[in-house]
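Please keep the sequence and the model in view while reading.

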Amino acid sequence: MGKGQLNTSELLEMDRKYVWHPFTPMKAWMEKKDPPIIVRGEREFLFDSKGKSYIDAVSSLWCNIHGHCVPELDAAVQRQLGCVAHSTLLGLCNQPSIELAARLIDMAPRGLAKVFYSDDGSTAVEVSLKMAYQYWANQGRTDKRRFIAFGGAYHGDTLGAVSAGGIPAFHDVYQPLRFPVDHVQAPRLPPFSELNAAVGPCADNSSAPEDWEREIADTVMRYPGQHAAIIVEPVIQGAGGMIMHPAGTLTKLRRLANRHGMLLICDEVMTGFGRTGRMFACDHEGVCPDLLCLSKGLTAGYMPLGATLTTQEIFDAFYADPNEGKTFYHGHTFTGHPLACAVGIASLDLFEKTDLLNHAREMADLLWDELLALRGRPHVGDIRQTGLVSAVEIVRCAQSMQRFPWQWRVGGALCTAMREHGVLLRPLGDVLVIMPPPAIRAENIKKIARVVIECIDGELSRIVAQQEAMT
Ligand SMILES: Cc1ncc(COP(=O)(O)O)c(C=O)c1O
């Protein structure tokens with residue numbers, strides 16, 4: 001049964017009638033076989049209105065950390081609800097936002113000093129872009145209005161984030177509305193590699209600059225002194241297809257930013273809170289960005305909340321008398337929402353109580369070992385992994401890396417097939433993304449891997465045959 005008095009088919013009918021789904025070609029959605037209506041969660045499982053269970057192998061779009069309906073997190077929300085659900089941070093303070101800010105600064109890369117709250121990942125990024133621009137403008141450098149980003153970058157869907165984005169299918173249509181961002185090609189981990197969280201940084205000082213480093217240097221030369229910041233998804237570029245960077249990339253970016261007088265913005269909306277095997281992706285290389293964007297796992301995936309962490313130096317550039325015009329005039333109604341901050345604090349407590357980072361690293365090792373069985377399959381072009389983020393790239397021919405026509409939506413069809421076997425995944429094109437909550441148990445890692453392998457071995461040829469018959 002669905003919620004309240006409505007049954008599943010009534011709810012589906014109403015969904016089709018009223019709901020416009022995100023990132024969804026709605027014509028294809030209407031023609032789709034009935035999607036599950038999720039009504040309940042328990043640890044790494046979600047349950048639909050017909051009682052079917054699924055392993056949430058995509059962490060409810062990359063944000064769930066400790067699982068669903070976690071007693072400690074539920075209790076934190078309920079405790080806060082017993083006090084007050086919401087009050088504004090404009091002109092007032094609230095206890096959870098103060099405590100969470102202190103905890104974040106305590107655990108974030110050393111050098112970050114202040115927390116600016118917002119609503120979600122996009123707004124955390126938007127804040128960082130505006131702060132970077134105004135940091136320079138407040139010092140009279142209004143010429144610094146360009147940004148550098150990687151091709152394939154995804155930073156959210158508000159217009160600043162879209163300007164920084166580098167995914168043509170999502171961003172090109174808005175080109176006339178975007179401000180100037182210079183995109184350079186992204187570095188890539190070699191195929192079939194794992195960036196092991198247990199291994200420390202290895203930024204080779206002496207090696208010759210790679211293509212992407214040269215491109216950044218060239219870009220800076222083309223627009224001398226005009227770049228406010230370089231923005232990057234450190235270690236893993238998520239929505240662009242889980243593009244993973246070789247170890248040392250972040251250290252090089254930090255040096256480039258310093259050398260060329262730009263700020264470094266790290267967008268850890270996806271990578272933050274244990275996803276890569278460290279608390280923050282920046283921790284892999286001990287790099288401190290000037291601005292750090294957080295969301296998703298910040299509340300363990302319970303509630304929307306964004307945070308942009310900054311250095312004291314950035315804060316100081318805004319610290320002036322009101323009549324000097326240096327104030328950061330930005331804020332949202334729900335900035336520093338007490339319920340979200342309360343669950344954020346409880347989540348950090350759980351990280352410690354359950355030794356979650358070590359557990360996640362063990363689960364990552366297990367997942368990698370299991371997925372390597374796919375190596376050598378004719379349609380598996382790459383398997384790459386960092387922490388508990390795995391990407392299996394499905395191609396028409398692994399040898400030539402020829403892709404399937406995108407219109408065939410092979411990745412999507414495979415994920416729909418896996419759903420029948422009780423595993424929820426969401427692809428990025430034909431890249432299967434496996435990103436379970438860090439708290440997942442070993443038996444469920446094994447089940448995910450088994451279902452992925454069985455569907456690639458079994459369902460893929462059926463999907464391809466069906467498409468070939470239609471063309
Ligand atoms: C790296 C990164 N930045 C920003 C965002 C945008 O976050 P939100 O969807 O909460 O606005 C995302 C979302 O997936 C992301 O992966």
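Helices and strands are here runs assigned by DSSP, a helix having at least four residues and a strand at least two, and they are numbered from the N terminus. Counted in this way, the protein chain contains 15 helices and 17 strands. The model in which they are found is a predicted one.

The overall dimensions may be considered next. Taken along the principal axes, the box filled by the C-alpha atoms of the protein chain is roughly 65 × 60 × 45 Å. For 471 residues, a compact globule would have a radius of gyration near 23 Å; the protein chain has 22 Å, and the value therefore agrees with that expectation.

Attention may now turn to helix packing. Helix α15 spans residues 442-470, and its axis comes within 9 Å of the axis of helix α13, residues 356-371. The two axes cross at roughly 25 degrees. Because angles under 35 degrees count as roughly parallel, α13 and α15 are therefore described as roughly parallel to each other. The crossing in which α13 passes α15 is right-handed. On the side of α13, the residues that meet α15 are Met363, Leu366, Leu367, Glu370 and Leu371, and their counterparts in α15 are Ala442, Ile445, Lys446 and Ala449. By class, this contact of α13 with α15 comprises seven nonpolar and two charged residues, with no polar ones.

Helix α15 also packs against helix α14, residues 410-420. Here the axes lie 9 Å apart, and the angle between them is about 125 degrees. The helices α14 and α15 are therefore oblique to each other. Their crossing is right-handed. From α14, the contact draws on Val410, Ala413, Leu414, Ala417 and Met418, while α15 contributes Val451, Val452, Cys455, Glu459, Leu460 and Ile463. In terms of class, the contact of α14 with α15 has 10 nonpolar residues, one charged residue and no polar ones.

Which residues come nearest to the ligand? Of the 15 residues around it, these are Asp120, Gly121, Ser122, Gly156 and Val269. Helix α6, residues 121-137, supplies the largest share of the shell around the ligand, namely three residues. By class, the shell around the ligand consists of six nonpolar, six polar and three charged residues.

Key
Residues are numbered from 1 along each chain as its sequence is written. This is a predicted model: local features need pLDDT of at least 70, side-chain atom pairs count only at pLDDT 80 or more; totals for chains, interfaces and linings use all residues. A residue is near a molecule or strand if its C-beta atom, placed from the backbone, lies within 6 Å of it. Ala, Val, Leu, Ile, Met, Phe, Trp, Tyr, Cys and Pro count as nonpolar, Asp, Glu, Lys and Arg as charged, and the others, Gly among them, as polar. Axes are lines fitted to C-alpha atoms, for helices over the stretch in contact, and angles run from 0 to 180 degrees between N-to-C directions. Angles under 35 degrees count as roughly parallel, over 145 as roughly antiparallel, 65 to 115 as roughly perpendicular and the rest as oblique. A crossing is left-handed if the near helix is turned anticlockwise from the far one by less than a right angle, and right-handed if clockwise. Two residues are in contact if their C-beta atoms, placed from the backbone, lie within 7 Å. The radius of gyration is taken over C-alpha atoms; the globule rule is 2.2 Å times the number of residues to the power 0.38.
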